[in-house]
Amino acid sequence: MAEEKEIQTEKKEAPKGIKRTIGAILGIIILGGIGYFIHDALMFQSTDDAYVETTTVQVSPKIAGHITKVYVKDNQAIKAGMVVAEIDDTDYRVKLEKAEANYQKVLLNQKNAQANFKAMQTNISVAKKDLDRYTALYESGAVSKQTLDAAQAKYDSAQANLTQAEEALLSPNDNKVADADLRAVKAELDQAKLNMQYTKVIAPQDGTVSSRRVETGMYVQPGSPLFVIVPNNVWVVANFKENQLRHMRAGQPVDIKIDTYPDHVFKGEVESIQRSSGAKSSLFPPENAVGSFVKIVQRIPVKIIFTEKYDTNEYNVVPGMSVIPKVRVK
């Protein structure tokens, strides 16, 4: 009987021991969780107001005309210098030929003016020698005053012709060969050559075609958008609350989680912190000098760059994706 009482007593005391053990384990877990939360809050800063960003490039023609060929498709990868479209060059080719003809014509006139100037220099040299000779002969009484006057008139005429020929060649300011007509038609010729080059629309940089709006047969104007190039280089802009930036500095490591790939952690670092809040940098910044002011915690854009290469075939990181960056601040 005594043994049965002892067994029953042990059975009653057993549940109390289990409860104490479970309570201790739960306490350790809770304390560990609180400790981890405090450690994480002190060592890291994070935000869900962050997105993948880049600077897109709009491709536009420099001249007007009909599109004759388009060499790119939506979402196609392209390289800088690649011809992406062509504009009908018929009119521009005619203008180029006309500009070349005008240039050759003015160039010929310039050469004729130079030859005429040299001829006038020879004439005045001969006229000066004749004048000097007849002056000496007149003083000795060998020739009449009429003969001397004729030599003087010939010299004066040669001087006037030389001056006229010189004005066709020389600038009155710097006294250098400077034919204004030749420079003008040369500029027209250079512009015509450029326009012929502009009939081929060139990709300004590497990237991917996006928002394509061009088709064969369309008439385009200078500056009209054909499509947008999304560069391969991307980064993250994270809008942290102002009270999260106290210990944040450029160069601090960042763990980047992209919503599209939740199981992968991308490595990065803080490149820079914007010198103004997002609201202050907007097109219409807020005016706080009003009677109904309500204090709002501001957000400061922080630029985060990727420091670790990743497989672009497996991870297609594109601008606009939502990101959660975790910056190690201590």
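Ala, Val, Leu, Ile, Met, Phe, Trp, Tyr, Cys and Pro count here as nonpolar, Asp, Glu, Lys and Arg as charged, and the others, Gly among them, as polar. The model is predicted: local features need pLDDT of at least 70, side-chain atom pairs count only at pLDDT 80 or more, and totals for chains, interfaces and linings use all residues. Residues are numbered from 1 along each chain as its sequence is written, and side-chain values use heavy atoms, without hydrogens and water.

**View A. Lining of the second largest pocket.** A pocket is an open set of points on a 1 Å grid over the protein atoms alone where a 1.4 Å probe fits, with protein on both sides within 12 Å along at least five of seven lines; lining residues have an atom within 4 Å of a point. The lining comprises five nonpolar, three polar and two charged residues, among them Phe293, Lys295 and Gln298.

**View B. Lining of the largest pocket.** Of 21 lining residues, Asn232, Asn233, Val234, Tyr310 and Val317 are the closest to the pocket centre. By class, 11 are nonpolar, six polar and four charged.

**View C. Surroundings of threonine 47.** The side chain of threonine 47 lies 3.1 Å from the backbone nitrogen of aspartate 49. Contacts (heavy atoms within 4.5 Å) of threonine 47, leaving out residues up to four places away in sequence, include Ala238, Phe240 and Pro325.

Note on methods
Polar contact = N/O pair within 3.5 Å; in protein donor to acceptor, adjacent residues only side chain to side chain.
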